[in-house]
Each structure stands twice: as C-alpha cells, then as structure tokens.
Amino acid sequence: MSAVTPGLVCAHHHLYSELARGMPPPPKVATNFQEILEQVWWRLDVALDLEMIRWSAMLGAVEALESGTTAIVDHHESPNAIEGSLDVIAEACAEVGVRVLTAYGITDRHGPDGAKRGLEENERFIKAGGPGYVGIHAAFTCSDKSLREAAGLAHDLGVGVHIHVAEGIGDVEAPTRLAGLTADNWLLSHCVHLPDDHGLSGIILHNPRSNLNNGVGYANPARFTNPVALGTDGIGANMIESFRLAYVMQRSVDVTAGPDPAWSWLENGWNIMPEARGDEVTWSYEPMDPWHIAFTPSIRPLEVKVNDEVVFKDGKTTRVDAAEVRAKAREQASRLHARL
Ligand SMILES: [Zn+2]
C-alpha cells in the first residue's frame, strides 16, 4: 500500500453541531444521555438560524478536508429554521469542495406541525435534485404516523432513511416501532441498545467517540449481520481517528480482534458514497495499512483531490480561506452562545 487512499467518508455527521464547542455549560450537569439531549443538543438546535447553519457547515467541511475526508453523510435539525436549511448545508459543502448527503431529522418534539415541516423540507430538497436521505431524529421522539410517513416518502422518492436507533436506553422500543418499515438503503445510527436479532434492514453507523462521550455503552457492531460504517456523530470528520477508536473499543471486549474489521467499517463508507472512491488523498505516512494506521497517531493528509481538483494542499484548503471561515464561524458561535 502506498501513501495514497481514496477520499474517506464520514457516514454520520451533524454539521450543525460545529458551533457547539465552547458553548456555555447547561444550567445543571447532565447525568445521563436523555439529559444531555435535553440540556445541550435540544437547546442548541432550537437556537439555530440559517446564517449559523451556513458557517457551521462551512467549518465542518473545511475540517473534513483537513482530515482527508471528502464525503459527509449529514443529519440535520434546526426546528426554528427548517425551510431551506438543507440547501444551505449542501451549498456550504459544495463551496469548500466536499461531497454531502444531507437529511432533515423529523421529530414530533415540537408538535405534529414541526414533523410535517421537516418532512416537507426533505421532500422539497430531494425533489429539487438535492443529494440526501429522508431524515428521522429517532423513533422515541416520533409518532407512529410520522415514522410511517417518513418511510413512505423515502420509498416514493427512491432514497433511504437516515435515523438514530437505540442510541440510549430511552429508545429500546425502536426495533418494534420500526418493524416492517426499514429497507437495505436505510442508515441506522448508533444501535448501542439494539438486540442482535433486531430484524431491521440497513447499514449500521458506528460512532465510537460520541458513544464514549455520552456514556451510552459499546455498540459492539461486530455482532450484527447488517453492514457497518463509521461516523463521528458531529465531533469533526476525522475518520482515521474514528477508525482507531473503533479498533481499540473492539479490543476492549475482544483482545483477539485485529484492525481489519474496523478498517472494513471505514471502507463501507464507499458503499454509501461511491463517488469518494475516485477522490485521492496523499498522506504524510506510508504505508496506509490498517496495522500501521492503528498505531501511528500523527498521520495527516498532504493533498486532497476531489473530482480531480486539488481542494487541499500544504495544510490549506484551496477554494476557501480556512482562517476566514474560522473567523466567521467564531462570530456565529458567539451569536449562538448568546442565545443560550
Ligand atoms: Zn447523530
């Protein structure tokens, strides 16, 4: 193996969460995953407007290229700025030169009208040719009606559904709620508390850093017969890091495991975004072999090509000024944090 690989794929990201870093602490310390959702993410997402979403996505796309990631599968939520939000994300990624498949995560947390508007945003975006999935936040925040409608819309549009499944114990009913709705082109994120014989179809998205950070437990994705792909769940798009964490987490329960399963999960991202296979990343290390990468912490991309165009070279993105993007993102983060 040489120092060149195809562009890496982050199979589960939340580009809207890039501005969360440095946000003011929640009013009280969250003691479990449900409280983390309520006190951090569900306070943050309602405060987002389109300008914040734009610079959050720009920053996320820049950081993706800085990590050798050329393709992002995004899952978006902004209950007070739904209409047009998926275009803003798609345009931001295109400007930086990163591929994206986005989705609006519908939920009934803000009443049936919120779910309906979310569904309409998915439909509008995909019908206009936007690259994406129909998004569902999770079964535990949606009515049966919303789950059925989202599955039906995805089927009609010929795309899959991107959904969080059994990330925490509050969503253990997911396999029952989603029974009969899923298909092979669905993306099922986390699946920490999903039984081995869950009966759901789709690719399971494993997010090792996020699961550790939220204390939800180890998904042990090797136990599933479904294909598995790797994501970050919004904490950057460094897939080399995600691979390393997936590997050591598997080692923590099975010390006989080598890095090949975790590497195959990373490679499965190319089944979701095949175009990234044609992208080219030249790395600072050779050979880019799973056994080497697992134990070499300082690997970084030297050059990234997307569609034969150099979009990152000598530590810099070529289409946009990364320093300017960071400055704009900081301004928007200040606005966002002031709202919190
Ligand atoms: Zn997620």
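**Stop one: a helix crossing**

α2 passes α3 in a right-handed crossing. This is a predicted model, so to speak of it in viewer terms, select residues 50-66 for α2 and residues 85-96 for α3. Their axes come within 8 Å and cross at roughly 35°.

Now show the side chains where they meet. On α2, pick L50, I53, R54, A57, M58, A61, V62 and L65; on α3, pick S85, V88, I89, A92, C93, E95 and V96. Colour that contact by class and you get 12 nonpolar residues, one polar and two charged.

**Stop two: another helix pair**

Next, select residues 112-127, which is α4, and residues 144-157, which is α5. How do these two helices lie relative to each other? The axes cross at roughly 5°, and angles under 35 degrees count as roughly parallel, so α4 and α5 are roughly parallel to each other. Their axes come within 11 Å.

For the contact itself, highlight A115, L119, N122, E123 and I126 in α4, then S146, E149, A150, L153 and L157 in α5. By class, that set holds six nonpolar, two polar and two charged residues.

**Last stop: zoom out**

Switch to a cartoon of the whole protein chain, with its 12 helices and 14 strands. The C-alpha trace spans about 50 × 45 × 45 Å along its principal axes. A compact globule of 340 residues would have a radius of gyration near 20 Å, and the 19 Å of this chain agrees with that. Colour by burial and 50% of the 340 residues come up buried.

Terms used: Residues numbered from 1 in each chain as written. Predicted model: local features only at pLDDT ≥ 70, side-chain atom pairs only at ≥ 80, totals over all residues. Axes fitted to C-alpha atoms, helices over the stretch in contact; angles between N-to-C directions. Helix = DSSP H or I, 4+ residues; strand = E, 2+ residues; numbered from the N terminus. Parallel < 35°, antiparallel > 145°, perpendicular 65-115°, else oblique. Contact = placed C-beta atoms within 7 Å. Nonpolar A, V, L, I, M, F, W, Y, C, P; charged D, E, K, R; others polar. Left-handed = near helix turned anticlockwise from the far one by under 90°. Rg over C-alpha atoms; globule rule 2.2 N^0.38 Å. Buried ≥ 20, exposed ≤ 12 C-beta atoms within 10 Å, placed from the backbone.
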